[in-house]
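Dear colleague,

Here is the structure I promised to pass on.

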Amino acid sequence: MKTRRYVFLVSGGGGNLRLLAKFLAFGLLKGELVGVLADRPCPALSWAQEKGIFAQQMSYRQSQPEELRRYLAQLQADLIITNIHKIIDAQTLAQFSEAHWLNLHYSILPAFAGLIGLAPLEAAQKQHLPFFGATAHLVEEQLDAGPILAQGIFATAWQKKTKKAHIEQTFRAGGLALWAALAQLEGQELAEQPAAIQWENGQRICLHPSPKIPEQLQQETFWQNI
């Protein structure tokens, strides 16, 4: 069976990139992280370079996609996770249509589609939404509109918990959604019912749809030092 070749497109700190590397290192997903491409200098790119992973800054724009296409072809990517703050042009998606393109968005889509960074969380707080979370979905030409593969959802507590606590819980919801989406794409069987995790720190997240959640992800220690 062909080894799945992951390529991560990044713009920021690289938390989800490091999480993917940990999923692979713990055997929670099968495959190899073969490349990290960034549209700007960023900590994620530096981390990949330190780890000896192929890492390259590129000058991607929708009107100038040639460099991205050249690297994707060179890396023979068959699963591309994009967290860059740009829409991938339709022709590039079509050229690499045999690969799965995946995006992780910090909101319960379709709410707050198009917002990036902390903006969805801040918008949810302004509206006093009782739930928040993250969505892993396939990428289409229209921003944040592709088929949803998994969502991690938690109950908010705007008056009781700090903004930092909400950010940390959003990151875990996103990490779980990312794992569940990638596990689905490699053919792991879905559980019939939504799953829920509550860690020692009291954080609780519901994940759906999802294969059975591995024991490692239910341990508080797994999420430390990422």
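This is a predicted model: local features need pLDDT of at least 70, side-chain atom pairs count only at pLDDT 80 or more; totals for chains, interfaces and linings use all residues.

Residues are numbered from 1 along each chain as its sequence is written, and side-chain values use heavy atoms, with hydrogens and water left out.

Helix packing

Helices (H or I, at least four residues) and strands (E, at least two) are DSSP runs numbered from the N terminus. Helix α1 (residues 15-25) and helix α6 (residues 163-185) have axes that come within 11 Å and cross at roughly 50°, the axes being lines fitted to C-alpha atoms over the stretch in contact, with angles running from 0 to 180 degrees between N-to-C directions. α1 and α6 are therefore oblique to each other; by the convention used, angles under 35 degrees count as roughly parallel, over 145 as roughly antiparallel, 65 to 115 as roughly perpendicular and the rest as oblique. The crossing of these two helices, α1 and α6, is right-handed, a term for the near helix being turned clockwise from the far one by less than a right angle, with left-handed for anticlockwise.

On the α1 side, Gly15, Asn16, Leu19, Leu20 and Phe23 meet Phe171, Gly175, Leu178, Trp179 and Leu182 of α6, where contact means heavy atoms within 4.5 Å. By class, the contact of α1 with α6 has seven nonpolar, three polar and no charged residues (Ala, Val, Leu, Ile, Met, Phe, Trp, Tyr, Cys and Pro count as nonpolar, Asp, Glu, Lys and Arg as charged, and the others, Gly among them, as polar).

Eight of the 11 residues of α1 are buried, so this helix is largely enclosed by the rest of the structure; buried means under 20% relative accessible area, exposed over 50% and partly exposed in between, with a 1.4 Å probe and protein chains only. The buried residues of α1 include Lys22 as well as Leu17 and Leu24, and the elements that cover the buried residues of α1 include β1 (5-10), β2 (32-38), α2 (43-50), β4 (79-82), β5 (100-105) and α6. Just after α1, Gly27 takes a positive phi of about 75°.

Backbone geometry

The loop between β5 and α5 (119-126) holds Pro110, and the peptide bond from Leu109 to Pro110 is cis, with omega near 15°. Phe112 also lies in the loop between β5 and α5; although not a glycine, Phe112 has a positive phi of about 65°, and at 16% relative accessibility Phe112 counts as buried. A cis peptide bond also joins His208 and Pro209, with omega about -15°, and Pro209 lies in the segment after β9 (204-208).

A buried aspartate

Asp78 is found in the loop between α3 and β4 and, at 14% relative accessibility, counts as buried. Leaving aside neighbours within four places in sequence, Asp78 is in contact with Lys2, Thr3, Arg4, Arg5, Ala99 and His100.

Cysteines

The structure holds zero disulfides, a disulfide being a pair of cysteine sulfur atoms within 2.5 Å. Cys42 is buried, with a relative accessible area of 7%, whereas Cys206 is partly exposed at 32%.

With best wishes
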